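Welcome! Please open the structure viewer and keep the sequence beside it, and we will walk through this protein together.

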Amino acid sequence: MNRTKIEWVKNPDGSPGWTWNKVTGCLGPNGTPSKPRRCLYCFAHRLARGRLKKLYLSNIGCSLIDGSPHHIRLYTNVIPDGDPNDPFTPRHWPDRATGPYRRKTPSTIFISSMGELLGDYIPEDWIKNTLDTCAELPQHTFQILTKNPKRALYFAFPDNVWLGVTVTSRSDWFRVGILRYSHAKIKFISFEPLLDDAFARLSPPPSDFSIIDWVIIGAQTQPTLIPKAQWVYRIIDTARQAGIPVFLKNNLHWPGGPIREFPPELTRPRGKVETNSQISRRILSKSGGQPHVLVHK
Ligand code: SF4
């Protein structure tokens, strides 16, 4: 796990939160292994092709199945039919499974900042094992942001996992309609990058908006595209009327400074925190002595 500079990922004590990239990579909304359709503005994709390329390409989990005349090659850490030569092909990192267990103080952990955990092409056990870990650590808050909320409907979400959807324009509202049926207790919208007037011609706001617990608004970077102030005002006003906390990112350069509100859930009393020896015992008993396979069953 790494400390993150993502402004809205904050620990309950206000310090910077963490990212946990046990699953990396994305094929983009509606992408498939043979035809990825990644977002042009994707920061994670740029990083994966840049300074992280060598690291990502090295994680394929290659193993050979004996007994076949040709020793069939299996890339166990790459999605089925995924291209192992593409650094942003979704990958699993089993050796990162224990990261959240090592945090002693209640923390906020953003899952898969470097990809899409809920892509249709992500193996079910990669997602389930991730959520199992979250359920075992109620003292932490986990955050997932997706463009594919329908996949979330197939999983039970522990109360400490917040689920958000990205809405960049009016045409993305359908994601909020799906989000409302997820089991996540805290649901949020990330209007980042905000590319048009998301609430235009939506008065009153869609009823789905009433189930939202938090909104985040930000601009596109690289290339920079600052949304019009009236689009941002409209979201803030609508959220205010619904009593929804608002978080504005620095990249909006908002006059008077950004608004920094969080759902009260962030600082609610946490679950019981285990001692070091309790954690070690649990990890070792589940993994047969191999901590790195704790949740990678
Ligand atoms: S990680 Fe998000 S922004 Fe990047 S390609 Fe996937 S859906 Fe698009």
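Here is a short tour, from the overall fold down to single residues.

Keep in mind that this is a predicted model. The protein has seven helices and twelve strands. Of its 297 residues, 36% count as buried. Among contacts between residues at least 6 apart in sequence, 68% join residues at least 24 apart.

**The sheet**

- Let us begin with the strands: eight of them form an open sheet with mixed pairing, in the order β1-β2-β7-β8-β9-β10-β11-β12.
- The edges are taken by β1 (2–3) and β12, each with a single partner strand, so one side of each is left without a neighbour in the sheet.
- What holds neighbouring strands together? Strands of a sheet pair through backbone hydrogen bonds, either parallel or antiparallel.

**Strand β9 and its partners**

- Find β9 (161–166) in the viewer. Five of its six residues are buried, so β9 is largely enclosed by the rest of the structure.
- On one side, β8 and β9 pair in the parallel sense over five bridges. To see one of these pairs, look for phenylalanine 142, whose bridge partner in β9 is valine 161.
- Strand β10 (residues 187–191) also runs parallel to β9, and four bridges join the two.

**Helix α3**

- Helix α3 covers residues 124–136, which makes 13 residues. From its first C-alpha to its last it reaches 18 Å, close to the 18 Å expected at 1.5 Å a residue.
- Which residues of α3 are buried? They are Trp126, Ile127, Thr130, Leu131, Thr133 and Cys134.
- Seen down the axis of α3, these buried residues fall within an arc of 150 degrees, so they line one face of the helix.
- What covers the buried residues of α3 includes β3 (23–24), β6 (91–92), β7 (108–111), β8 (141–146) and β9 (161–166).

**Around the ligand**

- Which residues surround the ligand? They are Cys26, Gly28, Pro29, Arg38, Cys39, Cys42, Ala44, His45, Gly115, Glu116 and Lys147.
- By type, this shell divides into five nonpolar, three polar and three charged residues.

- As background, most residues other than glycine have a negative phi, and most peptide bonds are trans.
- Serine 112 has a phi near 55 degrees, a positive value in a residue other than glycine. Its place is in the loop between β7 and α3.
- Is serine 112 buried or exposed? With 27 C-beta neighbours inside 10 Å, serine 112 counts as buried, because the cut-off for that is 20 or more.
- Histidine 253 has a positive phi too, near 50 degrees. This residue lies in the loop between β12 and α7.
- With 11 C-beta neighbours inside 10 Å, histidine 253 counts as exposed, because 12 or fewer is the limit for that class.
- A cis peptide bond joins glutamate 192 and proline 193, with omega at about -5 degrees. Proline 193 is found in the loop between β10 and β11 (214–217).

- Proline 87 lies in the loop between β5 (72–75) and β6. With 22 C-beta neighbours inside 10 Å, proline 87 counts as buried.
- Leaving aside its neighbours within four places in sequence, proline 87 is in contact with Ala48, Arg49, Leu52, Lys53, Tyr56 and Leu57.
- Proline 87 and leucine 57 are 30 residues apart along the chain, and their C-alpha atoms are separated by 5.2 Å.
- Glutamate 265 is found in the loop between β12 (246–248) and α7 (276–287). Glutamate 265 is partly exposed, with 15 other C-beta atoms within 10 Å.
- Glutamate 265 and tryptophan 162 are 103 residues apart in sequence, and 9.9 Å apart in space from C-alpha to C-alpha.

Terms used
Residues numbered from 1 in each chain as written. Predicted model: local features only at pLDDT ≥ 70, side-chain atom pairs only at ≥ 80, totals over all residues. Near = placed C-beta within 6 Å. Nonpolar A, V, L, I, M, F, W, Y, C, P; charged D, E, K, R; others polar. Expected span 1.5 Å × (residues − 1). Arc of directions from axis to C-beta. Contact = placed C-beta atoms within 7 Å. Pairing = 2+ DSSP bridges.
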